[in-house]
Amino acid sequence: MTKIKGYLLPLPPFEEQKRIVAKIEELMPYADEYDKANIELGKLNEKFPEDMQKSILQYAIQGKLVEQREEEGTAEELYHQIQVEKEQLVEEGKIKKQKKLPEITEEEIPFDIPKSWKWVRINEIASFIKAGGDKPKEIIDQKNSYYDVPVIGNGKENNGIVGYTTTPTVEVPCLTVSGRGTIGYTCYRSEPFTPIVRLIVLNFPSGISNHYIEYVLTAPLEKGVGTSIKQLTVPMIKTKLVPLPPIEEQKRIVAKIEDLEPYTERLE
């Protein structure tokens, strides 16, 4: 009360007091609108790096990020080379003969691609696609022989989607896709490992860039199936559409994305 009683007050004439109050009430809605706009701007700034990354990837898989070069051939030619290579692997007993997938319909195609590209299903260009299994029987000491490690996928760290063991079952460079619980994490793996049950492993022949497919899969994947646990299944991956460019263009797309990544990181 002592402080209130002693508070200094700049006192204008009564009519001016009324005009001051009227002016403040007139301006307050603008202040409120500014506050809302400032909050929205903050949200946009926070999302912008992620949206920029998505835009770059969208341009990449639509054939708009790098130019097409006639001397690099066509995806149709590449597709036939891959089929020949896969048939050879089947004859050598290295992979199993794959069932023929349904033809791609116009309704399935989400956007236009360059004439030198080709729409394919992943299983048509993959050497093999398989799901990880349960913890191997030979694991005795969990600390020493089996552990989960952080994996960087889609710009985020996800704990526990790759399990290593003393006897790795995958020796070749491949892509791993998290298919259960954390759908959409895609990562390139170059060292031998044993995939755990939450992973789907994809391997591709020489005409396909693992990193290009990784960027294609970085886009949001199909919704999972199931009730309590949403999961991405092997059949869903096998039938997923991929816009396929010639191999040299795949490499240039990957290089261009990697050139642009530092700029999006700076935005963050």
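## A predicted chain: sheet and helix pair

The model is predicted: local features need pLDDT of at least 70, side-chain atom pairs count only at pLDDT 80 or more, and totals for chains, interfaces and linings use all residues. Residues are numbered from 1 along each chain as its sequence is written, and side-chain values use heavy atoms, leaving out hydrogens and water.

The chain holds 8 helices and 10 strands. These are DSSP runs numbered from the N terminus: helices are H or I with at least four residues, strands E with at least two.

Now the sheet. An open sheet is built from 4 strands in the order S2-S9-S7-S8, with antiparallel pairing. Two strands pair if DSSP finds at least two bridges between them. S2 and S8 are the edge strands, each pairing on one side only. S2 and S9 are joined by 4 bridges. Isoleucine 129 stands opposite leucine 202 in S9.

| Strand | Residues |
|---|---|
| S2 | 128–131 |
| S8 | 186–189 |
| S9 | 199–203 |

Next, a helix pair. The axes of H2 (residues 14–61) and H8 (residues 247–267) come within 9 Å and cross at roughly 170°. Axes are lines fitted to C-alpha atoms, for helices over the stretch in contact, and angles run from 0 to 180 degrees between N-to-C directions. H2 is therefore roughly antiparallel to H8 (over 145 degrees). Contact means heavy atoms within 4.5 Å. Among the contact residues are Phe48 and Met52 of H2, and Ile253 and Leu260 of H8.

Methods:
Parallel < 35°, antiparallel > 145°, perpendicular 65-115°, else oblique.
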